[in-house]
Amino acid sequence: MTRPLARRRIDARGVIVPLGLSLGWTVTSLTGHWNPHLLVPPAQLARGFIATSHNGDFWIAAGSSLLRLLTGWFAGSVAGVALGLIVGCFTLAGQIVAPSLNAVRQVALFAWIPLLTAWFGDGNTAEVILIALAAFFPAALNTEAGCRNAPIVLREVGRVLELGPRDILRRIIVPAAMPSIVSGLQIALTSAWIGTIGAEYLIDQGHGLGVFLSSARMDNRMDVVLFCMVALACIGFALSTALRLAFATRTPALALTAVDD
Amino acid sequence: MIRAIPFVGIANPSGLQRRARSRSQAGSIVWRGVALGAIVPLAVLATWSLAVALHAMRPQILPGPLAVQAAATDLLRSGDLVTALEVSLGRILIGLAIGSVLGLVAGAVLGRSRTLDAYFGPTLRTICQIPTIAWLPVFMLIFGIGEELKVAIIAKAAFLPMLLNTFAGVRSASGRYHEVASALEFGPLQRLRFVTIPSALPMIVLGLRLALSNAWHVLIVVEMLASPAGIGHLMAWSRTLFQLDVVFVTIVAIGATGWLMDAAMRAAERRLSPWSLPA
């Protein structure tokens, strides 16, 4: 019990490097040898951070990004988990769908943007579809792997108990695949968040953190760009933590996987 | 890291079963797999042809299969596609070389020295939390939109997977193997040669594979945003001109190149690390 506690305590040595870096930053920017647009003086950086955090446009952008992310993630995850269950449970479906999915998966995510914008316009629809696509593959892959790895012993128990296919799916395969599905949903969320920022940044229309970031870069505002970067890292971290906590409290089914080991 | 697991399907007969079957049966299983796998692509092709034949969508929005094929022949004959790919792969090569060597060195050093890890580890791990795409605007402000930008962003994309995997590989070598090395009174070089490198190599090769895949994805974004050449540029430019047939060809080219690079890396993985050490 003492070890995890001891590990959780912050090692003070880790603070030295960031402190040294910020000291170096301060000194170099004060001497003014470097381009002040790039190496923003700390005072200006702080002012930029405070100004941006009081900027209503920033919060509108963050809100729309978040909404877009959740819509796309939800759609992509539902589709991915559904397909993963089918592919993972039925041999024939796997043989039919897996090669095509593998082929489509090889295309870099953002390479779909030109096609999506041509079909759905430079707006929200194309962005949400791209985000859903980003979430779809990890969700589908992990669900399929979870179903495939459901212990054969348990399936046989189901057969011995003469459970119908629906009961085998609901009481045996899904609980056994649950940890894998949950981690798939987590990866899907991270992937969807990257997709959100990238899609907004590339399409550059409407509201969104990516659009905000892009215009801050156009204005040569390093302080605002850095603020956005910190903000989207924090949002990503907060979302995945929230998801982990949400699932951690209610997955008693995890005990089943011990059989497999 | 997301793309490491392949879609297998429980269909794949296990090695044991396959060996037990006669050769002709194994052949028919392969053909069955090919035939089943072809259903979806053929259905898509049929729907696509039908939609084009019925003029369901304007040809600018949905070019027909023949138009796409003609565009592919044109691009191959004029050499535009090959030139674009050469430019992109050249960038990947330089960026990957820089980023993965730096990542390898950093990962090995931090893996070996717990003191240095205590100083630099937390900072590096915090930076890991920020996706590469979020660094793009910062890099654009620092490096402009020239060739340095592409190399820098690819190097950044390659650095982290390489660092993390090398680190994990070097750390996993600890324990029993080091005890054996001590018992045999190995010097530091022998220890590196017989313990650290063999046990870290599988992870390092995996890191390189992830680095390459990351680099390819990021490069496409950078080239679409700011580049006068490369496959991403070809795609974005054709989209601007509304030549969707060319866009289709570039999508296939991007997928095929990504697949080929990954297949090459997987082959290298098998060649370089046929052993697997249970740590």
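A: Begin with one residue and its neighbours. Two residues are in contact if their C-beta atoms, placed from the backbone, lie within 7 Å. Leaving aside residues up to four places away in sequence, I154(B) touches R91(B), I92(B), G95(B), L96(B), G99(B), A215(B), V218(B) and L219(B). This is a predicted model, in which local features need pLDDT of at least 70 and side-chain atom pairs count only at pLDDT 80 or more, while totals for chains, interfaces and linings use all residues. Residues are numbered from 1 along each chain as its sequence is written, and chains are lettered from A and ligands numbered from 1 in the order in which they are written.

Q: Which residues have the most contacts inside the largest nonpolar core?

A: In soluble globular proteins, nonpolar side chains tend to be buried together. A nonpolar core is a set of buried Ala, Val, Leu, Ile, Met, Phe, Trp, Tyr and Cys residues joined through C-beta atoms within 7 Å. A residue is buried if 20 or more other C-beta atoms lie within 10 Å of its own, exposed if 12 or fewer, and partly exposed in between, again with C-beta atoms placed from the backbone. Here the largest core has 131 residues, and F110(A), I131(A), C228(A), I154(B) and A215(B) have the most contacts inside it. Helix α10(B) gives the most to this core, with 19 residues.

Q: Is A98(A) buried or exposed?

A: A98(A) has 23 other C-beta atoms within 10 Å, so the residue is buried. Its place is in helix α5 (residues 91-105) of chain A. From A98(A) to L141(A) the sequence separation is 43 residues, and the C-alpha to C-alpha distance is 9.9 Å.

Q: How many residues of helix α8 of chain A are buried?

A: Of the 9 residues of α8 (residues 152-160) of chain A, the number buried is 0, so this helix lies largely in the open. After α8(A) comes E162(A), with a positive phi near 55 degrees.

Q: What is the make-up of chain B in helices and strands?

A: Helices (H or I, at least four residues) and strands (E, at least two) are DSSP runs, numbered from the N terminus. Chain B has 12 helices and 0 strands. Of its 279 residues, 37% are buried. Among contacts in chain B with a separation of 6 or more, 76% join residues 24 or more positions apart.

Q: At what angle do helices α4 and α12 of chain B pack?

A: Axes are lines fitted to C-alpha atoms, for helices over the stretch in contact, and angles run from 0 to 180 degrees between N-to-C directions. Angles under 35 degrees count as roughly parallel, over 145 as roughly antiparallel, 65 to 115 as roughly perpendicular and the rest as oblique. Helix α4 (residues 65-78) and helix α12 (residues 244-272) of chain B pack at about 70 degrees, with axes 8 Å apart. That makes α4(B) roughly perpendicular to α12(B). A67(B), V68(B), A71(B), A72(B) and L75(B) of α4(B) meet D245(B), V246(B), F248(B) and V249(B) of α12(B). By class, this contact has 8 nonpolar, no polar and 1 charged residues; Ala, Val, Leu, Ile, Met, Phe, Trp, Tyr, Cys and Pro count as nonpolar, Asp, Glu, Lys and Arg as charged, and the others, Gly among them, as polar.

Q: How do helix α5 and helix α11 of chain B pack?

A: Helix α5 (residues 80-112) of chain B and α11(B) pack at an angle of about 130 degrees, their axes 7 Å apart. They are therefore oblique to each other. D80(B), A84(B), L85(B) and S88(B) in α5(B) meet I231(B), G232(B) and L234(B) in α11(B). The residues of this contact divide into 4 nonpolar, 2 polar and 1 charged.

Q: How many residues does each chain give to the contact of chain B with chain A?

A: Chain B gives 48 residues and chain A gives 53. Helices of chain B that each supply at least two residues to its side include α2 (23-37), α3 (39-53) and α10 (188-225). That side of chain B has 37 nonpolar, 9 polar and 2 charged residues.
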